[in-house]
Amino acid sequence: MFIQSSSLCKLPAEIFENIVLELVSINGLILPLLQTCKQINNILAFPKNCHLYSSIFHRKFDSAASARRLGTRTHHSRHLVHQLAWYYSALKCIRRADVYDNGVLDAFWASFALMSENDGKNRHLLEAAGLPDFVDEFIRKRLYEDNPNGWPNESPINCLALWLLWFTSTEERLKAETTARRNEMIRLVLPFVILPFRYPSAYAPHNHFTMPLMDNSHGHLRQSIIPAHGAFPLYRSGQAHTAHFYDRTHLEIGIPLASTAAKLIFFSRRQVTPIGIPIHLPLTRQHAIQLGFGDQIGPTQEDVHELNQHKVVKHAFWDSDSASPSSQLDDDWYRLTDCIDPMVKSSLKNTHYTYGSATGLWQGRILVPTDNAFATILQQVQMPEEFTEQQLFLNAYPLFMRLREYHCVDPQVPVPTGGADDGFDDGISNAWIPKGVQVHEDLYEGKLRLQHHDRTYTYEAYRPCSANSHDEVTCRGCQYRGTSNIIYREHDDQFLSERSVQADEGDADVEDDEDDGQFLQDASVRYDSIIDDVFRQRDDEAMDEDADSEPAFASDDDESDEEYCVERQCNGVLDIALVGETDFKHGQAWNHYKFYGRVREWDGLVALVRIPAQQYLHPTAGLGLWVFSGYIVGGQNFVGTWRALGDVDPVAPTLESSFAMTRREEGS
């Protein structure tokens, strides 16, 4: 069998590559071209034409997030070629639609990375491959595999599946779901939602504020044992996946929290059905005053309408007008890569909480089980067959708060932590603030003063786009460095060693005496499994290829001169405090509360104490002195757990459940 060389081989390399790119864009097929002749096959082979395949990567996938998070070195062609093959292999696995396929876990990791980097193209590729239905089927069929005593397992594959289900959820998709299937999904994820003593809701237990623990606890981490469920509080040390990710050959990515995704899934499905409006309620607040109920706390029909008009959680923002919607997931991504081991300091290069993330008006719901139901769950070794909201006497209540953010700026000193000062109890029962602290907020001056033991700790209001009081002359950090300029560098020895090895490798010559039939077969096997099967998947209208042109990147020859670094100007921020209250309108409907708390620097965990604004009218036993702790997810949802702590030792489980909120636009 003789295969004649194509006239295409005589074209200049750049023109030939452009032809290939256009062919891929038009019909999505590259395999027939690879089988045209040996010379073309050799020209287009992965080792010989990394630049071509990196160009294909830029046309098909989003690339802004990887450069922003890991540096422009990720865009060297050989790294994009590796990522291209990994992503295509995952898409092919998803399109096979077999939830029992051996490659599902790896496909889920790739899909999770794609959704974390999504700026439009990645999502369309995954949806065209069938990811929404695939992950939905996986959860319904496999979430309870290998379960201990009937409870679902917080395995990596389950965690990823729950997050992918949330990422692919849309309002339209949930409205199209039948009531039976919606309730089935709620029942499946319910244990992750309401068992914080079994499934962790933070990357390190919220009783810790000073991190890493090695610098604080001296290795003395107390835990109690819940006979039915295991050790408490829950530590996730070392739960990570090591991946070859762009230029990082051994990047550790933490296992995402199943409980956070489950809460988003739960509340997003519960909000599909509007709350019923009792007809006996006054129509409006003015109507309530006319009826003589003006001084009474309670909702009107108008207040319930407001609950239904605004979401408990907002779905992902893939259609955002933002130049890079993936940037809203940067904090979430950095938590996964930086906050794996509570004994290790998190990276200073990356943010885990973006300034101002918690400010504004928040609306959501809290889930409250009865004391008896909660105590019963604590003792249940085996998951009941009928584990439902009704069995747990689970009630949902509205939650409103308006928060303001204050920063402690060097040379000011942050207020100390509360608790026992033993490296274990940092005072979560008072949101990491010492008991007895007096909180004074001056809105006009923009100052927050915390008085404790005859000392005043001063914080200043965070104002977007405005400089704070930081002064290079008085900042101790700037004095130590001798400059306000901070440069964080990362030396990647593994990267350099890889480069040296590959630089010494020569290009393999084409075997002239190779059998032509074997050549065709090998070409089909090699490329069909990686590239061609995915190129058949076309969604040209959804993926506007001209909208995300290829960014300029250095040639691979310049790689040795490149060092990943992050440069910032010191702003002197040492600590973040939050204060707030329920707006008067919402307080009249759902009770008046005050809030105060802090943000944990290590991972961006937010802790808030909620206290009745007028305790003499609302005894603590009636409304509760609760602590909320959770993360700002995707820059728009506040998700976590509330706990009725009081003076309970953090090592002991107490009444605790879930909440979720989303930030409302002012005036909405």
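Angles between axes under 35 degrees count as roughly parallel, over 145 as roughly antiparallel, 65 to 115 as roughly perpendicular, and the rest as oblique. This is a predicted model, in which local features need pLDDT of at least 70 and side-chain atom pairs count only at pLDDT 80 or more, while totals for chains, interfaces and linings use all residues. Residues are numbered from 1 along each chain as its sequence is written, and side-chain values use heavy atoms, with hydrogens and water left out.

The pair is helix α9, residues 131-142, and helix α10, residues 156-167, packed at about 135 degrees with axes 9 Å apart. α9 and α10 are therefore oblique to each other.

Which residues make the contact? From α9 they are L131, V135, D136, F138, I139 and R142, and from α10 I157, N158, A161, L162, L164 and L165. Contact here means heavy atoms within 4.5 Å.

Now α9 by itself. Nine of its twelve residues are buried, where buried means under 20% relative accessible area with a 1.4 Å probe, protein chains only. Those buried residues include P132, F134 and R140, as well as D136 and R142.

Last, the loop residue. D603 lies in the loop between β13 (593-599) and β14 (606-612). Is D603 buried or exposed? D603 has a relative accessible area of 0%, so it is buried. Leaving out residues up to four places away in sequence, D603 touches Y203, A204, R335, C339, H352 and Y631.

Terms used
Axes are lines fitted to C-alpha atoms, for helices over the stretch in contact, and angles run from 0 to 180 degrees between N-to-C directions. Helices (H or I, at least four residues) and strands (E, at least two) are DSSP runs, numbered from the N terminus. Buried means under 20% relative accessible area, exposed over 50%, partly exposed in between (1.4 Å probe, protein chains only).
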